[in-house]
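Please keep the sequence and the structure in view while reading.

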Amino acid sequence: MAYSADRYSQMKYARCGRSGLKLPLISLGLWHNFGGSYVFENAREMVLKSFDLGITHFDLANNYGPPAGSAEETFGKILKSDLAGYRDELIISTKAGYYMWPGPYGDWGSKKYLIASLDQSLKRMGLDYVDIFYSHRPDPDTPLEETMGALDLVVRQGKALYAGISSYNAETTKQAAAILKRLGTPCLIHQPYYNMLDRWIENGLQEVLDEEGIGSIAFCPLAQGLLTGKYLLDTPQGARLASREIPEASLKKVRLLNDFAAQRGQSLAQMALAWVLRGGKVTSALIGASRFSQIEENAGALSNLEFSKEELDGIDGILGM
Ligand code: NDP
């Protein structure tokens with residue numbers, strides 16, 4: 001596939017914390033729909049056409065699939081067949097921290113697990129290094145020094161360029177940042193759950209990230225699709241949340257937000273992404289998708305990222321109901 005010459009002028013990029021690295025405002029995650037049990041051509045189309053929109057950042061984890069590991073294999077295949085000449089234009093991340101293999105060394109945050117897991121991830125993707133390696137979640141039973149020490153080590157070994165943490169609370173983030181700073185490998189980025197329906201990071205974490213100069217990339221910015229309005233009418237077949245009971249209170253908010261977005265001339269998905277990115281506090285919104293048309297619509301958020309004070313107050317009113 002030939003990529004459009006103006007792909008980088010279509011996307012906006014933001015500096016990740018106080019680092020030198022810029023990330024696209026919209027990044028693509030491969031948690032769902034890229035594993036071995038999905039159609040490869042659809043996954044390939046999503047990755048390549050995203051790249052053509054200027055989406056340079058692709059987020060993976062060791063366990064994405066199903067089966068676990070297969071999203072990295074899919075991505076590795078696409079890299080080899082279509083993006084071989086573009087490695088230096090891509091930011092590829094992976095993580096370890098959730099269950100991956102049986103026994104005491106395939107889960108959580110020990111050095112043993114993290115180092116082995118990254119080696120496996122690199123093999124699956126056919127890479128010499130990833131750009132960002134994350135501790136996927138805090139481990140209450142492993143000393144933080146050990147988990148952070150493993151991140152520092154892989155960066156020193158050249159297997160990762162930057163270190164990141166995911167789902168750490170404000171206090172643990174502060175401690176992790178101090179350890180990493182002492183080791184000489186500053187924490188680049190935090191990956192938290194964040195969207196209009198769950199604002200937990202505003203309660204202390206964002207402050208720590210600002211103080212420490214750590215960037216952030218919000219996962220599930222569309223609440224897995226709930227903030228797209230697709231569940232307001234008949235639930236589409238095969239939709240991710242189709243088998244879940246969505247509380248009426250959430251649906252009520254989504255209905256009002258959907259109308260609010262229409263007044264701004266945006267889809268709800270676009271407004272939800274613009275809202276996560278408002279004021280530049282979050283570096284990138286990490287979306288998922290089951291088809292390229294969703295990614296295209298979501299990237300359209302960039303044409304209206306601004307909110308007036310009245311709009312933000314109006315949205316706060318809905319979210320606080
Ligand atoms: P989103 O909240 O963006 O949800 C994505 C889903 O929403 C899609 O699969 C699709 O659902 C639906 N969707 C997206 N755009 C549209 C649209 N325009 N119109 C209609 N429906 C749409 O994010 P995810 O939950 O997928 O998470 C994103 C990424 O975040 C993951 O891939 C992963 O990289 C990362 N992540 C990290 C975690 C961590 O612990 N660090 C945990 C979870 C995710 P459908 O399939 O129904 O079409």
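The expected span of a helix is 1.5 Å times one less than its number of residues. Helices (H or I, at least four residues) and strands (E, at least two) are DSSP runs, numbered from the N terminus.

## Basis of the report

The structure is a predicted model, in which local features need pLDDT of at least 70, side-chain atom pairs count only at pLDDT 80 or more, and totals for chains, interfaces and linings use all residues. Residues are numbered from 1 along each chain as its sequence is written.

## Helix α4

Helix α4 covers residues 111–125, and its 15 residues should span 21 Å at 1.5 Å a residue; the end C-alpha atoms are 21 Å apart, which agrees. A residue is called buried if 20 or more other C-beta atoms lie within 10 Å of its own, exposed if 12 or fewer, and partly exposed in between, with C-beta atoms placed from the backbone. In α4 the buried residues are Y113, L114, S117, L118, S121, L122, R124 and M125. They cover an arc of only 160° around the axis, which puts them on the same side of α4. The arc is that of the directions from the helix axis to the C-beta atoms. An α-helix has 3.6 residues a turn, so residues three or four places apart point the same way.

Which elements do the buried residues of α4 pack against? They pack against α3 (70–82), β5 (91–96), β6 (130–135), α5 (144–156) and β7 (160–166). Packing rests on contacts: two residues are in contact if their C-beta atoms, placed from the backbone, lie within 7 Å. Just after α4, G126 has a positive phi of about 70°.

## Helix α5

The 13 residues of α5 should span 18 Å at 1.5 Å a residue, and the end C-alpha atoms are 18 Å apart, in agreement. Its buried residues are L144, T147, M148, A150, L151, V154 and V155. Their arc around the axis is only 145°, which puts them on the same side of α5.

The cover over the buried residues of α5 includes α4, β6, β7 and α6 (170–183). After α5 comes G158, with a positive phi near 80°.

## The nonpolar core

A nonpolar core is a set of buried Ala, Val, Leu, Ile, Met, Phe, Trp, Tyr and Cys residues joined through C-beta atoms within 7 Å. The largest such core has 88 residues, and A272 and A285 have the most contacts inside it. Helix α9 (residues 268–277) gives the most to this core, with nine residues. In soluble globular proteins, nonpolar side chains tend to be buried together.

Leaving aside neighbours within four places in sequence, A272 is in contact with N195, M196, P221, L222 and L227.

## Around the ligand

A residue is near a molecule or strand if its C-beta atom, placed from the backbone, lies within 6 Å of it. There are 29 residues around the ligand, of which G29, W31, F219, G225 and G288 come nearest. Both β10 (284–287) and α10 (292–299) supply at least two residues of this shell, and the largest share, three residues, comes from α10.

By class, the shell has 12 nonpolar, 13 polar and four charged residues. Here Ala, Val, Leu, Ile, Met, Phe, Trp, Tyr, Cys and Pro count as nonpolar, Asp, Glu, Lys and Arg as charged, and the others, Gly among them, as polar.

## Two residues compared

Is V47 buried or exposed? V47 is buried, because 24 other C-beta atoms lie within 10 Å. This residue lies in helix α2 (residues 40–52) and touches F58 and I78, not counting residues up to four places away in sequence.

M321, in the segment after α11 (309–319), counts as exposed because it has 8 C-beta neighbours inside 10 Å. M321 and P247 are 74 residues apart in sequence and 13 Å apart in space, C-alpha to C-alpha.

## Backbone exceptions

Most residues other than glycine have a negative phi, and most peptide bonds are trans. N33, in the loop between β3 (26–29) and α2, has a positive phi near 75°; N33 counts as buried, with 20 C-beta neighbours inside 10 Å. S167, in the loop between β7 and α6, has a positive phi of about 60° although it is not a glycine. S167 is partly exposed, with 17 other C-beta atoms within 10 Å.

A cis peptide bond joins G65 and P66, with omega about -5°. Another cis peptide bond joins P66 and P67, with omega about -10°. P66 is in the loop between β4 (57–59) and α3, and P67 lies in the loop between β4 and α3.
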